[in-house]
Amino acid sequence: MDSSGRFVARHVATLPKSGIRDFFAIVSKMKDAVSLGIGEPDFVTPYHIREAAISSLEKGRTSYTDNRGTQQFREEISRYVAKNYGPEYDPETEILGTIGVSEALDILLRATLNPGDKVLYHEPCYVSYAPSVTLCHAEAIPIRTVSADQFALDPAALRAAWQPGCKLLVLNFPTNPTGGTADRAKLEAIAKFAIEKDLLVASDEIYSELTFEGDHVSIASLPGMRERTVFLHGFSKAFAMTGFRIGYACGPAAVIDGMLKVHQYGIMCAPIMSQEAAVEALRNGRDSMLHMRDKYRERRDFIVRRFNELGLRCHLPRGAFYAFPDITSTGMDSMTFAQKLLEQQKVAMVPGTAFGAAGAGFCRASFSTSYEKIHEAGERIARFLDTIPRR
Amino acid sequence: MNSVLKLILDGEALDTAQIGKILGLGAEAVDRELAALRKQGVLLGMRPVLNPSYESEHRVRAVIEIKIRTEGVGGFDGIAERISSFEQVESCYLMSGGYDLLVVVTADNLYKVAGFVHERLARIDGVQGTSTHFFLRAYKKDGFIVNAEGSRRDQPSVSP
């Protein structure tokens, strides 16, 4: 019998596994399942970007790089961020290349949190935020966002959730899993509050290029925010580069320097071929990105209309590639709905509760998949709904 | 671009009812759109894209470069239209460069292609010379990678 569990740290042993993993285990064994559960682009990385990685390998560029990433990589990031988001960052001291936003957020938490510090974040949200905070022996404090508000963060809810000891606010707009965005007015109110309470802000803007309505505004561009915001971004979503595992953080020098310490001991550097592919994406990836964004928007319009036709109320997500329909009219909770739908019609959607308690009553459906699959999923969901009494 | 056209060009296997549902139009409206596109000469037709390895058990395909002389025979168009009218000819293009027409033909076997070249093409007034190349193996056809199996096989079916 394996008794090695006694070696596992208490805060890790008590950490729940991601609810998504259980689903993945079931779906992966199921034949003919239609999955709306895939949280990554269904496009292959654009050819010219893959070519840059191949060329890097052909030239024998297989070494470590500077811990922060190559000079060229950081300079391109600096240009891209200034052009598209506003703030200017010094490639020498204010930019750090990472293994995706996942690492960037992890090392930001580890570099800034003392045990017992409190972190505010809006829910439903990406699965790693609260566990990553817990792993730093800090306390994660969720702020509920709601469908009526298109899952934008209400500044009043932020104020109500705040308590002494809060040090950091994590934002993610557009949001996985809701597609929620925050307009300039909301962000200004949030910024004002962050300044008032002296909060550091971690802004995960991984889906920012995939904004379908209105312009994306980065909180880092608002007055007084550059010095208290760490802008986190990567290439996985906009440029369909999930497998490259490449991202970056931009922020005030002292915080980036702290992150660099954690990064250099834990990671050393991001893979050089991924950095070189990322440089190509920053320089020449815009057309490919816009093409993919248009495809996502078309699929979004279809899937949202379909859910509403089926009587599963669904707001129009303004960004990212997830629909987040309300399934409460079925009388089931999110997990029951997702499990029964999977068992009876072999359609995989992720229960909203996998993204926090505020996701109760919803399921996430990725529209980063083909029309054929979305159409087929719609037919199967219709059949499933026919079998249950509706409220 | 016309939304129906855009969707069929994406290459997904969708019937008109599915296209109608996706675009919120209804199947009849899609049929009307398609009919209008045909009438305008935008849409010439729709055919399945077959895997060439299946096709090659029954057919051979060749590309023929043709040099032509235009004096006294009605110019390029006259000859190109004449060549296009043969049923063996799948496509026919006027080209820049070292030859004038590029013709793709299919036939039951190699001998039938050879017969087509010397009994039909070579006899057309104005055809000065031909160069025939047979297709050996296809790697990509009409935008589809022929052996695309497994390119995403490690992608998890559910991910955060």
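## A sheet in chain A

Two strands count as paired if DSSP finds at least two bridges between them. The model described here is predicted. In chain A, strands β9, β12 and β11 form an open sheet, in the order β9-β12-β11, with antiparallel pairing. Because β9 (322-323) and β11 (350-351) of chain A stand at the edges, each with a single partner strand, one side of each is left without a neighbour in the sheet.

The pairing of β11(A) with β12 (residues 363-366) of chain A rests on two bridges, and these strands run antiparallel. A:V350 has A:R364 in β12(A) as its bridge partner. Strands of a sheet pair through backbone hydrogen bonds, either parallel or antiparallel.

## Two packed helices in chain A

Helix α5 (residues 100-112) of chain A packs against helix α9 (residues 253-266) of chain A at an angle of about 110 degrees, and their axes are 8 Å apart. The two helices, α5(A) and α9(A), are therefore roughly perpendicular to each other.

On the α5(A) side, the contact is made by A:I107, A:L108, A:R110, A:A111 and A:T112. On the α9(A) side, A:V255, A:G258, A:M259, A:K261, A:V262 and A:H263 take part. The residues of this contact between α5(A) and α9(A) comprise six nonpolar, three polar and two charged.

The domain assignment divides chain B into domain 1 (3-39) and domain 2 (52-137). Taken over C-alpha atoms, the centres of domain 1 and domain 2 of chain B are separated by 34 Å.

Between the chains, 12 residues of chain B are in contact with 22 residues of chain A. On the side of chain B that touches chain A, six residues are nonpolar, four are polar and two are charged.

How values were computed:
Residues are numbered from 1 along each chain as its sequence is written. Chains are lettered from A and ligands numbered from 1 in the order in which they are written. This is a predicted model: local features need pLDDT of at least 70, side-chain atom pairs count only at pLDDT 80 or more; totals for chains, interfaces and linings use all residues. Helices (H or I, at least four residues) and strands (E, at least two) are DSSP runs, numbered from the N terminus. Domain bounds come from an automatic or database domain assignment. Two residues are in contact if their C-beta atoms, placed from the backbone, lie within 7 Å. Ala, Val, Leu, Ile, Met, Phe, Trp, Tyr, Cys and Pro count as nonpolar, Asp, Glu, Lys and Arg as charged, and the others, Gly among them, as polar. Axes are lines fitted to C-alpha atoms, for helices over the stretch in contact, and angles run from 0 to 180 degrees between N-to-C directions. Angles under 35 degrees count as roughly parallel, over 145 as roughly antiparallel, 65 to 115 as roughly perpendicular and the rest as oblique.
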